[in-house]
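The following exercises concern a structure shown below.

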Amino acid sequence: MSDRIKVRIKFSKHGPVKFVGHLDFMRYFQKCIRRAKIDIAYSEGFSPHQIMSFATALGVGVETDGDYLDIEVNSLTSVEDMMEALNKTMAEGVRVENVIILPEGTPNAMSSVAAAEYRLIPKEGGKYPDKVLAAANKVLSAESIVIRKENKKAKKKGRAVEGVNDYIETDVKDRIYKAQISENEFNCLVDASSAGNVRPMSLLELIYNEAGVTLDPISIQIIRCDLYTSVGDKLMPLDGYGA
Amino acid sequence: MYRKLALSDDILMQVDKPARYIGGEINSIIKNPDEVDIRFAMCFPDVYEIGMSHLGMQILYGMFNGFTDVWCERVFSPWTDLDNIMRDRNIPLFTLESQTPVKDMDFLGITIQYEMCYTNILQVLDLSGIPLRAADRGKNDPIVIGGGPCTYNPEPIADFFDIFYIGEGETRYRELLDLYKEYKAKGWSRYEFLHKASMLGGMYVPMLYDVAYNDDGTIASFTPKESDVPDHINKEIVNELSDTYYIEAPIVPFIKVTQDRVVLEIQRGCIRGCRFCQAGMLYRPVRERDVDWLKQRAMMLLNNTGQEEISLSSLSSSDYSKLEELVDFLIEECNDRSVNISLPSLRIDNFSVDAMSKVQDVKKTSITFAPEAGSQHMRDVINKGITEEHILRGARLAFEAGWTRIKLYFMLGLPGENTEDIEQIAVLSDKIAREFFDAVPKDKRVNGPVQIVTSTSFFVPKPFTPFQWAPQDTKENFREKAYILRQAVMAQLNQKRIKYNWHETDVSVLEGILARGDRKLSDAIELAYKKGCLFDAWSDTYRDDLWMESFAECDIDIAFYTTRVRDIDEIFPWDFLFCGVDKEYLKKEWLRSKEAIVTPNCAVKCNGCGAARYGTGICVKTR
């Protein structure tokens, strides 16, 4: 067991393949690993499965420049060879961007994620309206940034539950590490940990509400730029080890 | 840049499983449209997950794309959610690879695997903007060509197709494509092309034939309209399976499909000669693939797909002569690669129980038997060729190896069936349970007690079988028989260990009408489609009421097709096709079934069915 090597793979996913959901994409990657003849470690039993875990799920329709998965291998020649072998067998729109060997004791990708950076781009060359740009500056520079979320506990079988609020309001100001907007894109670096995850689309909705403009979420392409882990009080990309 | 999709993001985000419609899977083929002469759309008229599980389509896709002048792309039925959107917004049906409208293709090839997809064929034509009837199509419409088992009685859907390809697809397509190129180059009319195609062999062009009927609705004559059009069409077959095209790199779907594994076709045809089984007659003679070729191909397919499971495909894998060698090889190789093996359609004997216990978890899986009938008399009537002793011995072997779950498949409504025959299904299920308690001592029952699932389907007589003359039971008969069996199961000693399931009755009646139908049905099929029938193979979407309305409005007498007793010399709608097995042979088998006389299988003795004229396979092997 201890002879196994932990490897982290960074990939990008763009184009039509963005409509392949997370579970299917995991199955896709398992088959890529087999085709690339990676000497991956398997679990025991009648239906052995690959030792593989993704940092986080990517929603249907979302693209990424930097998502991650960890695998365990029994052997490898070099990270460059592995990257090349995988890239020979990728589907249209999917690329392996980096492969690193994880230092001993590195926590797995899933539990490491602290933050994520996104670009939200109006599709087909669209622009953010001036009203939205103005509202964004106001919202983002305010004392608090409050996101209203539907309270799942408030509704049981479609009926309101007495004494429970329909919405939960959370101030996410200190979970937004960076946010800027231009007419072409809204860029933000936000908390993506399991406890404090901020959805970039919720932020954009808030801005549109402030501007009094209706947001059609389908008209915006979300691209995840990278995932970060925290090292001390700094954020580091998940493949930043040894860099 | 990436391929531009035919559907907007907003549509793809609102439909179920959008990855059904995007293409781009591993091993799918992209060509430059300017560098090919022929664009071929290959369609399986059901939802993506079903169509992508079909081996034949993958074979033809690979074969066509191996031709440098052809680009073959895939088309499936959009599920009802997308179907509604496409109608609302006038979006034409498109191919997955290039996302091009199907109407812009040269050919639309449709594989017709079951009768319950007929309304989906109309959906595909309709959404593509291709006239439903061949007679209404013009020079700019694709040539609509059908293939697959239902083309052995294509008459109910004859009006919707330009050509039916009768037999195995590997043999004649090249000639047809070359003829098509000539048609385009020389500026022939569509009719001229179809007329010439009808002379290639294996090609049935329905519009070139006239059907005349007797007063009682049966067929009086079936004649070509032109003197050079053949009056009979012979099935095409591949003589040497190891020399013909086989897939090297099947497409690997993104989403989980029904058959989510590598499929290795080990042989075609079946030696058994069960009298109810259409496949057993249509695909004669039995032809095996070379075992070394299969071993090499299995590894190639696993390498090229990265699939984690491989399955053997054939009508009766146990009859493959080198099965042990092949399975031993696969077990060894697949174990090294952590690949699972699935071994369907195996007879349960010492070898198969041993092999299956190596590749399956006995605690989680079940063993399947298909005795088809409960009494020995009925098993002899259908020429099943197994005895109760075989079944009980097989069950005992499975129990001793640790299995506790057994699935049993039977048919109700077989010709000549009486109440006792039905009750014997329950008795046999009970005997298998008793075998468990006898074979496994109390202290060894670590995997729990035996669980038997007994399922029955309703028998539907099919063309080109000895039972093509048999009257089908009515819906009421079916229900009554299922009730008798349910009561009989409840009367058994081990009734608590037996779970009884039965198949829907409505669908079996429709299947019966379409299976032995004639050209008079096409109006009713079109009407049913227009009333909203679609995905008839899916119980959630099947609308029996609309089908029955359509038959009534078109003055179709259902009993004529299902329960009617057919005269032994009646001309059947499919008699102009020749599937290799002679009508005289089928007649002889029908009469033998009435006497419950068993006919030995092809491995034991040649019974002179007619398939020997192909001069290949088991017919030319020394026994």
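**Exercise 1.** Determine what share of the contacts in chain B with a separation of 6 or more joins residues 24 or more positions apart.

*Solution.* Two residues are in contact if their C-beta atoms, placed from the backbone, lie within 7 Å. Of the contacts in chain B with a separation of 6 or more, 77% are between residues 24 or more positions apart.

Two remarks on conventions apply throughout. This is a predicted model, in which local features need pLDDT of at least 70 and side-chain atom pairs count only at pLDDT 80 or more, while totals for chains, interfaces and linings use all residues. Residues are numbered from 1 along each chain as its sequence is written, and chains are lettered from A and ligands numbered from 1 in the order in which they are written.

**Exercise 2.** Describe the overall build of chain B.

*Solution.* Step 1: count the elements, where helices (H or I, at least four residues) and strands (E, at least two) are DSSP runs numbered from the N terminus. Chain B has 20 helices and 19 strands.
Step 1: compare the radius of gyration, taken over C-alpha atoms, with the globule rule, 2.2 Å times the number of residues to the power 0.38. The radius for chain B is 25 Å, close to the 25 Å that the rule gives for 623 residues, so chain B is as compact as a globular protein of that length.
Step 2: note the extent. The C-alpha trace of chain B spans about 75 × 65 × 55 Å along its principal axes.

**Exercise 3.** Which helix of chain B gives the most to the side that touches chain A?

*Solution.* Step 1: 25 residues of chain B are in contact with 24 residues of chain A.
Step 1: helix H1 (9-12) and helix H9 (291-305) of chain B each supply at least two residues of this side.
Step 2: H1(B) gives the most, with three residues.

**Exercise 4.** Identify the residues with the most contacts inside the largest nonpolar core.

*Solution.* Step 1: a nonpolar core is a set of buried Ala, Val, Leu, Ile, Met, Phe, Trp, Tyr and Cys residues joined through C-beta atoms within 7 Å; a residue is buried if 20 or more other C-beta atoms lie within 10 Å of its own.
Step 1: the largest core has 235 residues, and Ile207(A) and Ile163(B) have the most contacts inside it.
Step 2: helix H14 (residues 419-439) of chain B gives the most to this core, with seven residues.

Methods. A residue is buried if 20 or more other C-beta atoms lie within 10 Å of its own, exposed if 12 or fewer, and partly exposed in between; C-beta atoms are placed from the backbone.
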